[in-house]
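Please look over the model below. My comments follow as numbered points.

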Amino acid sequence: MTQVKQLAAVSAFLQRDHGHFINGLSQPGGGALRPVIDPATGNEVARVHDGCAEDVSAAMAAAQQAFLGSWSEMSTLARGNLMLKLADAMEQHREELAQIETLCSGKTIALSRGLEVDQAVAFLRYFAGWAGKIYGETTEISLPSFNGEKYRGFTQREPLGVVVGIIPWNFSIMIAIWKMAAALVCGCTVVLKPSEFTPLTMLRVAQLAADVGFPPGTINVLNGNGGLLGPLLIEHPFCAKVTFTGSVPTGRAVGNAASALAKPATLELGGKNAALFLADMSVSEMVDGIMEAGYVNQGQICASAERFYLPAEKMDEVLSVLIQRLSQLKVASPFEEDCQVGPLANKAHLEKILKMVARAKEDGDEILYGGYSPERPGYYFLPTVVKVHSENSTLMREETFGPVGSFLAYDDEEKALQQINNSPFGLAASVWTHNFNKAIRYSERIQAGIVWINMHTFLDPALPFGGIKSSGNGREFGSAFINDYTRLKSVMMRY
Ligand code: NDP
């Protein structure tokens, strides 16, 4: 099958001296050079300078200046139009962005195009549509009138200021756009800190934004070590809010650093998402559902299911058909058009998953399929099927963030529901059945920020997304984001 040919624009981009994008300009900075590794080969494809305290100050100052000046002086309509122009530019550069993303993350080229870039464009357009639609309220004021004077009160939503967005490696464009677009349409400006594994894509997007006319300082990208730059960004006096997507331990550190300074933080953290299949589903329906819920992008989606609850009487047959389907998936270079299993995103992640599978064996779980890396360069790991015998198994409690499905049989739906809720996480879940009455009732009882019925992992910009319990707080999308990126001001007048 066809191997995608690298675009000349991508080859030229990789050769550049990369660092940051600050105040409308690409700025390499002078920090240590960090290699960018292609996870499909283990080879270096580019180098990026690490940021330092001076770069943080420069990015925050540029963002603050734009917030107080050019961005706030622009009409809401003009801001929305710029966001639409950026969406158009991203669409025109779709292949280029998709190739850079695949090189950094190992995502198959089809997913980089269709999920990463196209979804980012769709979300950007959705948020652009909110321009001019962020409203306050008016209210009666009940103070006494002595000489016929009257009163009126109203509220207005004000942008918070400079938003620091900290981005993980699994969707380096889409998640950055979620945060950036929400902030910009509310009138905030942004400093984005991509993961050190995927530092290139947002540099390119920021350049496209400058090319379509975003004022300097509106969108800044700062690369480097998160442990060093994260605290500096959050503690900076110009940081008005932090929005973070990533792991639970880092998210807690981010939340603590922000709350110590009374700064608001939106935290989108990990999960151990469950999928409950009721016995009325056929074996093939269950297998289709499991493939959709657990194995897209090698399971490196925060909302992917990792805990599967199957009716005991169908468990063995479902797993046997599932293994047959997984074994037919094509393991290949993510640049092959028909690749279905590419590498994991980085070496550290592969090592973490291998350790978790070793622990599963110690727990007495049965690895029925996969569980190891195939013989080839890069950080590949086969889709894995694990039959667990206890809800206390490590694999039922800790996130792998990989293609590792853990399957627990149940005899009693009520007990399965209790087990699903007996988790420190609460990001996402799904219920699969033809019995809609049960589906709705169970969706009400499952403790998660989003529950899908007969589907899994689909996000829509109109429907709020975010977790409960250890999976975070705050909501993105829908109208919910407005609360997170603006503050309410009350105005009272006498006339
Ligand atoms: P990490 O938490 O390791 O990193 C996320 C980001 O935080 C990176 O940019 C990282 O920089 C930065 N960072 C690291 N240390 C600090 C710090 N002390 N202060 C501030 N920022 C810091 O997550 P991963 O990138 O490994 O992403 C995978 C995790 O993200 C999974 O657990 C997954 O569940 C979760 N996730 C959640 C989603 C959701 O919406 N709920 C969506 C996608 C992923 P650096 O790379 O330099 O370390």
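1. Buried here means under 20% relative accessible area, with a 1.4 Å probe and protein chains only. The model is predicted. Cys339 has a relative accessibility of 7%, so this residue counts as buried. Cys188 is buried too, at 0%.

2. How many disulfides does the structure hold? There are zero. Cys188 takes part in none; the nearest cysteine sulfur belongs to Cys186 and lies 5.8 Å away. The cut-off for a disulfide is a sulfur pair within 2.5 Å. For Cys339, the closest cysteine sulfur is that of Cys104, at 17 Å, which is too far for a bond.

3. Which residues of helix α9 are buried? In this helix, residues 226-235, they are Leu229, Gly230, Leu233 and Ile234. They sit on the same side of α9, because their arc around the axis is only 125°. An α-helix has 3.6 residues a turn, so residues three or four places apart point the same way.

4. The buried residues of α9 have several packing partners. Two helices are among them, α2 (53-68) and α10 (248-260). The strands β7 (162-166), β8 (189-193) and β10 (239-245) also pack against these residues.

5. The N-terminal end of α9 is capped by Asn225. A side-chain oxygen of Asn225 is 2.9 Å from the backbone nitrogen of Gly227.

6. Please check the annotations against the model. An unreviewed UniProt entry places "domain: Aldehyde dehydrogenase" at residues 35-491. That span is 40% helix and 21% strand, and its end C-alpha atoms lie 52 Å apart. The unreviewed entry also gives "transmembrane region" for residues 160-178. Residues 160-178 are 26% helix and 26% strand, with end C-alpha atoms 17 Å apart.

Key. Residues are numbered from 1 along each chain as its sequence is written. This is a predicted model: local features need pLDDT of at least 70, side-chain atom pairs count only at pLDDT 80 or more; totals for chains, interfaces and linings use all residues. Side-chain values use heavy atoms; hydrogens and water are left out. Buried means under 20% relative accessible area, exposed over 50%, partly exposed in between (1.4 Å probe, protein chains only). UniProt positions are given in the numbering used here, feature names are shortened, and annotations may be inferred rather than shown by experiment. Helices (H or I, at least four residues) and strands (E, at least two) are DSSP runs, numbered from the N terminus. The arc is that of the directions from the helix axis to the C-beta atoms. Contact means heavy atoms within 4.5 Å. A polar contact is a pair of N or O atoms within 3.5 Å; within protein, one must be able to donate a hydrogen and the other to accept it, and residues adjacent in sequence count only if both atoms are side-chain atoms.
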